[in-house]
Amino acid sequence: NKKILLNKRPHGKPTRNDFKISSEEVPIPNDNEVLLKTLYVSVDPYLRGRMNEAKSYVPPFELNKPLQSGIIAEVMESKQADFKKGDFVSGNLEWKEYQTSNGKGLHKVTQNEAKLSSYLGVLGMTGLTAYLGLTEIGLPKKGETLVVSGAGGAVGTVVGQVGKLLGCTVIGLTGSDEKVDLLTATFNFDHAINYKTTPNLKEAIKSTCPNGVDIYFDNVGGEISDAVVANINKYARLPVCGAISLYNETEVPVGPRLQPIILTKSATMRGFIISDFAEKFPAATKQLSAWLKENKLTSSETIVEGFDNIPQAFIDLFEGKNKGKMIVKI
Ligand code: NDP
């Protein structure tokens, strides 16, 4: 029964050496517990923050203890009234092949409506983040211009598609020509820009958004966001969802001061953590499932195989190796 522990806290970009694979006996469930077998593991950029010592909105991972993330598991044995052998569940679980649980925080999922891995992506945390961040903070209106950074990833691909369904013109920023093509061909984006090869991003956004930017859904922060913010319209809304370009920085970088733009454009810049909207999850999931069923929403996943490859799949998020949601299949 293999498990993955935090070996040391990363300095800058995470490396394989920050993780350690070890093993233990398969546990025996006590009364009121279930034995779970891990099937799919979500790797997410926010886990990088939990690898630091510093306290954030979730406590840091402990050294020499297993890391945790969203996991889909199968119930192998149950001494718990709410679950039976053969059920599938999702929950925030440890990076172990097998583990026991008292059932707290586990949600049953089925393969009836969508494939199991969807509950880590489009119908899971990242889909909800995209939908609720956009609708609750971005407040999209028909005909508006929406720019999304990190557009080729789990959150970004859903933000762009939902933006289109709600009548916006959608522009995505991403890090490869392959993803640029994917965004316009598969995900219905109006335009996409490769931020790595575009010499003057601010000017490129200006010419791609002739009516200015009404909503900027920010997944990355840093210089990319500076270039977008320079192009916002009066009353623009800026949901600050993530800042992946800054997660591996060892010192806080200094950029242009954005306050005068936010001020003079009467713009609203608002950060959020998806749990802020917990009471809206059922309605949001219902809407996302309906769109998925009607083929109005395309789910995109990069599936890496093998338990030992969880750390590398996580590291690869910072290299942009994923298209859509990065998931490890065990
Ligand atoms: P993604 O699937 O988007 O994967 C990360 C992507 O980020 C990579 O594929 C890469 O794409 C891009 N990236 C990596 N390094 C950089 C960099 N230095 N500058 C710009 N882009 C970079 O991840 P998620 O969709 O899961 O998450 C997207 C963002 O949303 C993250 O910042 C995450 O922390 C945040 N988030 C926030 C939540 C909340 O509750 N607020 C919940 C879930 C996610 P590319 O090839 O385009 O560079």
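How many residues does α3 have, and how far does α3 reach from its first C-alpha to its last?

1. α3 has 12 residues and reaches 17 Å between its first and last C-alpha, close to the 16 Å expected at 1.5 Å a residue, where the expected span of a helix is 1.5 Å times one less than its number of residues. Helices (H or I, at least four residues) and strands (E, at least two) are DSSP runs, numbered from the N terminus.

2. The structure is a predicted model, in which local features need pLDDT of at least 70 and side-chain atom pairs count only at pLDDT 80 or more, while totals for chains, interfaces and linings use all residues. Residues are numbered from 1 along each chain as its sequence is written.

3. The protein chain has 9 helices and 15 strands. Its radius of gyration is 20 Å, close to the 20 Å that the globule rule gives for 330 residues, so the protein chain is as compact as a globular protein of that length; the radius is taken over C-alpha atoms, and the rule is 2.2 Å times the number of residues to the power 0.38. Along the principal axes, the C-alpha trace spans about 60 × 45 × 35 Å.

4. Of the 330 residues, 41% count as buried, a term that requires 20 or more other C-beta atoms within 10 Å of the residue's own, whereas exposed means 12 or fewer and partly exposed lies in between, with C-beta atoms placed from the backbone. Among contacts between residues at least 6 apart in sequence, 66% join residues at least 24 apart, a contact being two residues whose C-beta atoms, placed from the backbone, lie within 7 Å.

5. α3 is mostly covered, with 10 of its 12 residues buried, among them Ala 154, Val 155, Gly 156 and Thr 157. The buried residues of α3 pack against α2, β8 (145–149), β9 (169–174), α4 (177–185), β11 (213–217) and β15 (325–329). α3 is followed by Gly 167, which has a positive phi near 95°.

6. The protein chain is divided into domain 1 (2–121 + 299–329) and domain 2 (126–275), with bounds that come from an automatic or database domain assignment. The contact between them takes 15 residues from domain 1 and 16 residues from domain 2, and the side of domain 1 that touches domain 2 divides into 3 nonpolar, 8 polar and 4 charged residues. For these classes, Ala, Val, Leu, Ile, Met, Phe, Trp, Tyr, Cys and Pro count as nonpolar, Asp, Glu, Lys and Arg as charged, and the others, Gly among them, as polar.

7. The ligand is surrounded by 32 residues, the closest being Gly 153, Gly 175, Gly 242, Ser 245 and Gly 320, where a residue is near a molecule or strand if its C-beta atom, placed from the backbone, lies within 6 Å of it. The shell divides into 16 nonpolar, 14 polar and 2 charged residues. Domain 1 and domain 2 each contribute at least three residues to this shell, and α2 (125–138) and α3 (154–165) each supply at least two.

8. Two residues other than glycine have positive phi and deserve a look. Leu 139, with a phi of about 45°, lies in the loop between α2 and β8 and counts as partly exposed, with 15 C-beta neighbours inside 10 Å. Asn 295, with phi near 60°, is placed in the loop between α8 (281–293) and β14 (301–305) and counts as exposed, with 7 C-beta neighbours inside 10 Å.
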